[in-house]
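Me: I would like to go through a structure with you before I set up any calculations. Could you take my questions as they come?

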Amino acid sequence: MSTITTGELTEVLSETTLLRFATAGSVDDGKSTLVGRLLHDSKSVLVDQLEAVERASASRGQDAPDLALLTDGLRAEREQGITIDVAYRYFATPRRRFILADTPGHVQYTRNMVTGASTAELTVILVDARNGVVEQTRRHAAIAALLRVPHVVLAVNKMDLVGYEEQVFAKIAEEFTAYASELGVPEITAIPISALAGDNVVEPSANMDWYGGPTVLEHLETVPASHDMAHCHARLPVQYVIRPQTADHPDYRGYAGQIAAGTFRVGDPVTVLPSGRATKVAGIDLLGKPVDEAWTPQSVTLLLEDDIDISRGDLIVPSKDAPATTQDIEATVCHVADAPLTVGHRVLLKHGTRTVKAIVKDIPSRLTLDDLSLHPHPGQLVANDIGRVKIRTAEALPVDSYADSRRTGSFILIDPNDGTTLTAGMVGESFASPEPVKDEAEDDGWDF
Amino acid sequence: MTTVASVSSETDSPYSLSHLDALESEAVHIFREVAGEFERPVILFSGGKDSIVMLHLALKAFAPAAIPFSLLHVDTGHNFPEVIEYRDRTVDKHGLRLHVASVQDYIDRGVLKERPDGTRNPLQTVPLTEKIQDEKFDAVFGGGRRDEEKARAKERVFSLRDEFSQWDPRRQRPELWQLYNGRHAPGEHVRVFPLSNWTELDVWQYIAREDIELPQIYFAHQREVFQRAGMWLTAGDWGGPKDGENVEKRLIRYRTVGDMSCTGAVDSDATTLDAVIAEIAASRLTERGATRADDKLSEAAMEDRKREGYF
């Protein structure tokens with residue numbers, strides 16, 4: 001176990017790509033078993049961690065090591081035998097490095113699932129083959145769709161308990177795919193597994209000849225790690241202005257930021273928002289190295305041809321592809337704080353690198369994720385609620401639709417009094433507004 | 001390894017990043033957010049590999065300008081001389097400002113008492129917190145990684161601390177997308193962890209790729225050590241060896257750098273970066289499991305120390 005072959009070593013030493021993914025589910029679905037098996041079979045659980053789990057399991061009177069104890073890091077979680085928070089796990093295969101956001105699946109942890117999904121490029125949704133698609137499955141699919149996670153894996157677990165029957169799997173996969181597609185999930189891969197027995201998790205199953213697709217790990221290793229790529233609108237939120245003012249660099253003035261979407265090239269005509277001033281990209285510094293082109297999610301410093309007034313919070317965009325600026329934002333939100341969000345609430349809104357004052361003008365509806373039922377004018381949103389809100393900001397913001405850009409179409413609301421993060425917002429229409437609530441007086445026409 | 005035959009190349013190429021480039025970009029973004037939103041940030045710098053990588057990332061983030069932060073070292077008084085030499089040379093080389101919070105001062109003044117086991121790691125919290133308060137630091141960069149320990153796996157990138165530096169895991173702010181929330185009241189500060197998503201192996205691979213110099217104790221060398229609680233500790237006037245503990249000369253290296261009294265060495269013949277990386281890739285123990293006595297105190301040792309304001 002402690003030996004490593006030369007071939008493996010060469011692979012370990014080289015650079016690979018990174019995939020961020022999320023799992024949602026509860027102990028009943030076998031999520032911990034699946035995660036434990038991925039970590040264990042990819043040799044990411046080390047001896048001292050396993051020993052600690054074995055000691056803790058034994059002291060609780062459990063016969064077998066409880067792999068959930070690997071991820072349940074807080075005392076309260078271990079004592080109550082639940083996962084409260086998002087736990088981040090790290091593992092690697094010779095092909096890829098993985099960041100796993102492991103989140104609890106019950107409805108009272110919707111905010112945790114939303115948090116985990118916000119940065120995920122893939123999400124694994126577990127169902128029990130004996131129960132099929134249930135309320136919780138529909139909620140998890142809705143969250144993946146709402147957060148626009150590019151890839152969804154449906155892991156139909158406990159196939160060993162249904163005799164590895166193809167028909168059982170096919171029926172669940174069909175029902176789920178139909179539901180999730182309608183919500184707008186772009187890509188769904190259904191995989192029949194038994195996390196407990198190890199079927200199709202890391203190794204192909206000998207019990208399901210009828211399945212010709214990849215195992216869970218194979219799929220994770222080969223799925224395209226998609227960011228908001230070249231075809232997307234290029235966006236650079238300015239984080240910081242770099243001005244050395246030294247003898248070597250008396251006139252250097254660079255605009256530092258992480259490219260939120262798309263690509264920038266030297267010579268591109270660009271516009272700075274919200275001022276609307278136009279110029280061209282004179283140079284791109286990629287952490288000390290000049291390059292001709294840079295793309296998301298690289299952190300860069302842009303040099304511009306004209307000396308115009310730019311500061312933190314501005315957004316640099318291609319002149320031919322600038323978003324409209326607006327003070328009226330309509331969005332689907334997930335409320336993440338314990339205190340409710342109410343109509344009239346005065347908040348701070350952080351979008352990209354800009355934070356502005358804002359007021360919640362209206363909460364047209366609340367959505368129940370389990371059955372997609374809409375509840376008009378709830379008056380407030382409490383923790384874990386998904387709803388529609390209308391917000392008026394003190395300054396115009398260059399927002400994209402979340403459907404177009406996960407990074408420049410998202411924002412958070414912050415309590416100005418104690419700094420609490422209140423709400424996660426996604427700009428524009430979603431399935432949560434199947435019939436957009438029209439308010440003639442305030443409908444100023446989104447132009448996406 | 002960025003191209004695997006079966007990988008669809010439509011989005012992985014040409015606009016893909018290696019995992020080290022992705023982690024580097026994320027860390028740089030975090031440094032720049034802090035520079036943009038805080039008044040007096042400081043980098044915790046111990047001369048250990050994680051803090052060295054943090055400093056390297058900060059230098060890249062603001063080049064060609066100087067980094068807009070100073071450094072803070074919590075000096076336990078039980079330091080490896082090689083590390084202190086490295087620290088001072090690095091501060092000189094980059095023209096940085098170094099603050100030191102000294103545990104020995106607190107012991108000399110009678111404010112802190114030496115523990116019976118001689119371990120000073122838990123004693124760092126008060127000098128650290130008071131230095132943060134005195135200097136009015138509002139953002140404190142730490143090199144903590146979520147892969148190190150299971151309580152750290154739940155830590156946010158921006159972690160709010162009260163005036164006592166306490167961490168309340170039940171009241172953490174959700175972190176969505178790349179929208180970090182650094183709001184804090186006067187007297188509070190935010191601990192910031194740019195290496196949150198890095199693993200030990202990532203750190204070493206990055207050190208190799210960027211050709212970053214490290215203190216020599218990270219590489220195999222002959223050293224007089226003695227065994228205590230299953231770990232090889234360096235003999236010294238901090239309190240070891242005691243009766244019944246025998247000093248012997250072994251070929252060892254350090255996998256982590258901390259207080260001499262509780263940082264264990266590992267048997268190793270890895271004298272180069274590549275050899276170290278190969279050794280870590282093959283290791284079946286986490287770095288804390290292999291080298292930190294303080295984390296073996298209890299299942300929740302790290303959580304308890306973090307709640308009290310530890311790094």
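The conversation below takes up chain B and then the domains of chain A.

Me: What kind of model is this?
Reply: It is a predicted model.

Me: How many helices and strands are there in chain B?
Reply: Chain B has 10 helices and 10 strands.

Me: And what share of its residues counts as buried?
Reply: Of the 311 residues in chain B, 53% count as buried.

Me: Which domains does the assignment give for chain B?
Reply: Domain 1 of chain B covers 17–201 + 302–307, and domain 2 covers 216–296. The C-alpha centres of these two domains of chain B are 23 Å apart.

Me: On to the six-strand sheet: what is the strand order?
Reply: In chain B the order is β3-β2-β1-β4-β6-β5, in an open sheet with mixed pairing.

Me: Which strands stand at the edges, and why is one side of each left without a neighbour?
Reply: The edges are β3 (98–102) and β5 (158–161) of chain B; each has a single partner strand, so one side of each has no neighbour in the sheet. From one strand to the next, the twist averages 30 degrees.

Me: In which sense do β1 and β2 of chain B pair, parallel or antiparallel?
Reply: Strand β1 (residues 41–44) and strand β2 (residues 70–75) of chain B pair in the parallel sense, over three bridges. B:Leu44 stands opposite B:Leu72 in β2(B).

Me: Changing topic, at what angle do α2 and α3 of chain B pack?
Reply: Helix α2 (residues 19–37) and helix α3 (residues 49–62) of chain B pack at about 75 degrees, and their axes are 9 Å apart. That angle makes α2(B) roughly perpendicular to α3(B).

Me: Which residues make the contact?
Reply: From α2(B) they are B:Glu24, B:Ala27, B:Val28, B:Phe31 and B:Arg32, while α3(B) contributes B:Leu57, B:Ala58, B:Lys60 and B:Ala61. By class, this contact of α2(B) with α3(B) has six nonpolar, no polar and three charged residues.

Me: What about the domains of chain A?
Reply: The assignment for chain A gives domain 1 (6–222), domain 2 (236–321) and domain 3 (325–427). In the contact of domain 1 with domain 3 of chain A, 13 residues come from domain 1 and 13 residues from domain 3.

Me: Which element supplies the largest share on the domain 1 side?
Reply: The largest share of the side of domain 1 of chain A that touches domain 3, six residues, comes from α7(A). That side divides into five nonpolar, three polar and five charged residues.

How values were computed. Residues numbered from 1 in each chain as written. Chains lettered and ligands numbered in written order. Predicted model: local features only at pLDDT ≥ 70, side-chain atom pairs only at ≥ 80, totals over all residues. Domains from an automatic or database assignment. Pairing = 2+ DSSP bridges. Helix = DSSP H or I, 4+ residues; strand = E, 2+ residues; numbered from the N terminus. Axes fitted to C-alpha atoms, helices over the stretch in contact; angles between N-to-C directions. Buried ≥ 20, exposed ≤ 12 C-beta atoms within 10 Å, placed from the backbone. Parallel < 35°, antiparallel > 145°, perpendicular 65-115°, else oblique. Contact = placed C-beta atoms within 7 Å. Nonpolar A, V, L, I, M, F, W, Y, C, P; charged D, E, K, R; others polar.
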